[in-house]
Amino acid sequence: MGVPLGLAELAFLAMAGPAALVPALELPGVRLVTGSGILGVGGGAVLLAVSILLLLAMAALERRLATYFLGPGPQELMRARIAELTATRSGIVEAVDDERRRIERDLHDGVQQRGVALAMLLGRARHARDHDRMAELVAQAYTESRRLLDELRSVAWRVYPTALDELGLRATLPKAPPCA
């Protein structure tokens, strides 16, 4: 089975064929004088270099033509790019959802529980009949409020909004109604 020849190989054969026949040419009345073997070797080296350069140029041209005619078209490239962007967007959305769930878990497990404990302590202190017991419950409520603030500060640090950097504190806080 024969091997198909590309444009580069055909160009190489087209250059090498006549170059190989030059020494065998004997025309009547024409005398080929080479002068010395160095001239023949030098000419052969030049022809070889030109043939190799032409072969490389033809191979590059053949590769470009194959890519142009057989490669993906603009529509296919656009579809591939859209698919890539969709996949990366999905990854980003998933990462943001995971982060949101982590923040919700932090709030539910930490801050919310401390807030409930604080409210219960204050409720118990409010209904206490004994002044010493009420003072003890208020002290516990104070300690719990400090823990709550620390936990809230920790969660806020992990949730740090980028709008705070870009727009400042005034833009990130909700508008409060005027005091009556």
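A nonpolar core is a set of buried Ala, Val, Leu, Ile, Met, Phe, Trp, Tyr and Cys residues joined through side-chain atoms within 4.5 Å, where buried means under 20% relative accessible area, exposed over 50% and partly exposed in between, with a 1.4 Å probe and protein chains only. The structure is a predicted model, in which local features need pLDDT of at least 70 and side-chain atom pairs count only at pLDDT 80 or more, while totals for chains, interfaces and linings use all residues. Residues are numbered from 1 along each chain as its sequence is written, and side-chain values use heavy atoms, with hydrogens and water left out.

The chain holds 6 helices and 0 strands, helices being DSSP runs of H or I with at least four residues and strands runs of E with at least two, numbered from the N terminus. Of its 180 residues, 11% count as buried. Contact means heavy atoms within 4.5 Å, and among the contacts between residues at least 6 apart in sequence, 68% join residues at least 24 apart.

Helix α3 covers residues 74–127, and because its 54 residues at 1.5 Å a residue should span 80 Å, the 76 Å between its end C-alpha atoms agrees with that expectation; the expected span is 1.5 Å times one less than the number of residues. Along α3 there is a kink of about 35°, centred on Leu-107, the bend at a residue being the angle between axes fitted to the seven residues ending there and the seven starting there. Helix α4 has 29 residues, which should span 42 Å at 1.5 Å a residue, and its end C-alpha atoms are 41 Å apart, which agrees. At the start of α4, a side-chain oxygen of Asp-130 comes to within 3.4 Å of the backbone nitrogen of Asp-132.

In α3 the buried residues are Ile-103, Asp-106, Gly-110, Val-111, Leu-118, Leu-121 and Ala-125, and what covers them includes α4 (131–159). In α4, Leu-137, Ala-141, Glu-144, Ser-145, Leu-148 and Val-155 are buried, and the buried residues of this helix pack against α3. The largest nonpolar core has 9 residues, namely Val-111, Leu-118, Leu-121, Ala-125, Ala-128, Leu-137, Ala-141, Leu-148 and Val-155. The elements that give two or more residues to this core are α3 and α4.

Val-111, which lies in helix α3, counts as buried because its relative accessible area is 14%. Leaving aside neighbours within four places in sequence, Val-111 is in contact with Asp-106, Leu-148, Glu-151, Leu-152 and Val-155. The C-alpha atoms of Val-111 and Val-155 are separated by 8.3 Å, although the two residues are 44 residues apart along the chain. Val-155 in turn touches Asp-106, Leu-107 and Val-111, again not counting residues up to four places away in sequence. Glu-144 belongs to helix α4 and, at 9% relative accessibility, counts as buried; apart from its neighbours within four places in sequence, Glu-144 is in contact with Arg-114, Ala-117, Leu-118 and Leu-121.

Rings of Phe, Tyr and Trp (its six-membered ring) pair if their centres lie within 6.5 Å, with planes under 30 degrees apart counting as stacked, over 60 as edge-to-face and the rest as tilted. By this rule there is 1 aromatic pair. Tyr-68 and Phe-69 form that edge-to-face pair, at 5.0 Å centre to centre and with 80° between the planes. Tyr-68 counts as exposed because its relative accessibility is 67%, and Phe-69 is exposed with a relative accessible area of 60%.

How values were computed: A polar contact is a pair of N or O atoms within 3.5 Å; within protein, one must be able to donate a hydrogen and the other to accept it, and residues adjacent in sequence count only if both atoms are side-chain atoms.
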